[in-house]
Amino acid sequence: MAEKDLNELFLDTLKDIYYAEKQILKALPKMAKAANSDKLRAAFEKHHDETEGQIDRLEQIFELLGKAARGKKCDAIEGILDEGKEIMEEYADTSALDAGLLAAAQAVEHYEISRYGTLRTWASELGLEGAVKLLEETLSEEKKTDEALTQLAESEVNLHAEAA
């Protein structure tokens, strides 16, 4: 068996995040619908639109590599999204629902930040400058989304959950 290298690891991880983004794209409308806070709903809707752009950038990277854009099942994102579904079921109609949804969304963001940061570093090491630029753009968006969610949690959502 041939020894696997960083090129293969990069491609495998790219497939992983591609699958993850597709799953996130499906989950965000459900999270938006479940949210009580108009601001949280708007944040989920905004991130849905951003996620579509992120998927497009991933497809551009696959194209740069001369590979078909295909996902590889990602157990990590499946688990994170399952936790979000659990929160929607167990905390439906409670004041803590939005705090739980927001926490689940941040778990997704942290996963994405980790993956995109790693991919960007590897792309740089592999001399894939076009991919570096695309990954950096997505990483920046993910960090901004995480910061916006933190701000929303601290200014509104967590306070509402405590008040009940």
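## Helix packing and selected residues

Leu-64 is exposed, with a relative accessible area of 55%. In this predicted model, Leu-64 lies in helix α2. Setting aside residues up to four places away in sequence, Leu-64 touches Gly-130, Ala-131 and Leu-134. Leu-64 and Gly-130 are 66 residues apart along the chain, yet their C-alpha atoms are separated by 7.6 Å.

The largest nonpolar core has 48 residues, of which Phe-10, Phe-44 and Ile-77 touch the most other members. Two or more residues of this core come from each of α1 (6-34), α2 (38-65), α3 (75-90), α4 (97-125) and α5 (129-163). Around Ile-77, the contacts are Tyr-19, Ala-20, Ile-24, Val-108 and Tyr-111, again without residues up to four places away in sequence.

Two packed helices are described by the angle between their axes and the distance between the axes.

| Helix pair | Axis approach | Crossing angle | Handedness |
|---|---|---|---|
| α1 and α4 | within 10 Å | roughly 160° | left-handed |
| α2 and α4 | within 12 Å | roughly 20° | left-handed |

The axes of α1 and α4 cross at roughly 160°. An angle over 145 degrees counts as roughly antiparallel, and α1 and α4 are therefore roughly antiparallel to each other. The residues of the contact of α1 with α4 divide into 19 nonpolar, one polar and five charged.

For α2 and α4, the axes cross at roughly 20°. That makes α2 roughly parallel to α4, because angles under 35 degrees count as roughly parallel. The residues of this contact of α2 with α4 comprise seven nonpolar, two polar and three charged. On the α2 side they are Leu-40, Phe-44, His-47, Gln-54 and Leu-58, and on the α4 side Asp-98, Leu-101, Leu-102, Ala-105, Glu-109, Glu-112 and Tyr-116. Phe-44, in this contact, is also one of the core residues that touch the most other members.

Gln-23 touches Glu-78 and Leu-81, with residues up to four places away in sequence not counted.

Not counting residues up to four places away in sequence, Met-88 touches Lys-30, Met-31, Ala-34, Leu-97 and Leu-101. Leu-101 is also among the α4 residues that meet α2. From Met-88 to Met-31 the C-alpha distance is 7.8 Å, while the two residues are 57 residues apart in sequence.

The loop between α3 and α4 contains Asp-93. Is Asp-93 buried or exposed? Asp-93 is exposed, with a relative accessible area of 81%, because a value over 50% puts a residue in that class. The backbone of Asp-93 has a phi near 60°, a positive value in a residue other than glycine. Most residues other than glycine have a negative phi.

Notes. Residues numbered from 1 in each chain as written. Predicted model: local features only at pLDDT ≥ 70, side-chain atom pairs only at ≥ 80, totals over all residues. Heavy atoms only, no water. Core = buried A, V, L, I, M, F, W, Y, C linked by side-chain atoms within 4.5 Å. Buried < 20%, exposed > 50% of the residue type's maximum accessible area, 1.4 Å probe, protein only. Helix = DSSP H or I, 4+ residues; strand = E, 2+ residues; numbered from the N terminus. Contact = heavy atoms within 4.5 Å. Axes fitted to C-alpha atoms, helices over the stretch in contact; angles between N-to-C directions. Parallel < 35°, antiparallel > 145°, perpendicular 65-115°, else oblique. Left-handed = near helix turned anticlockwise from the far one by under 90°. Nonpolar A, V, L, I, M, F, W, Y, C, P; charged D, E, K, R; others polar.
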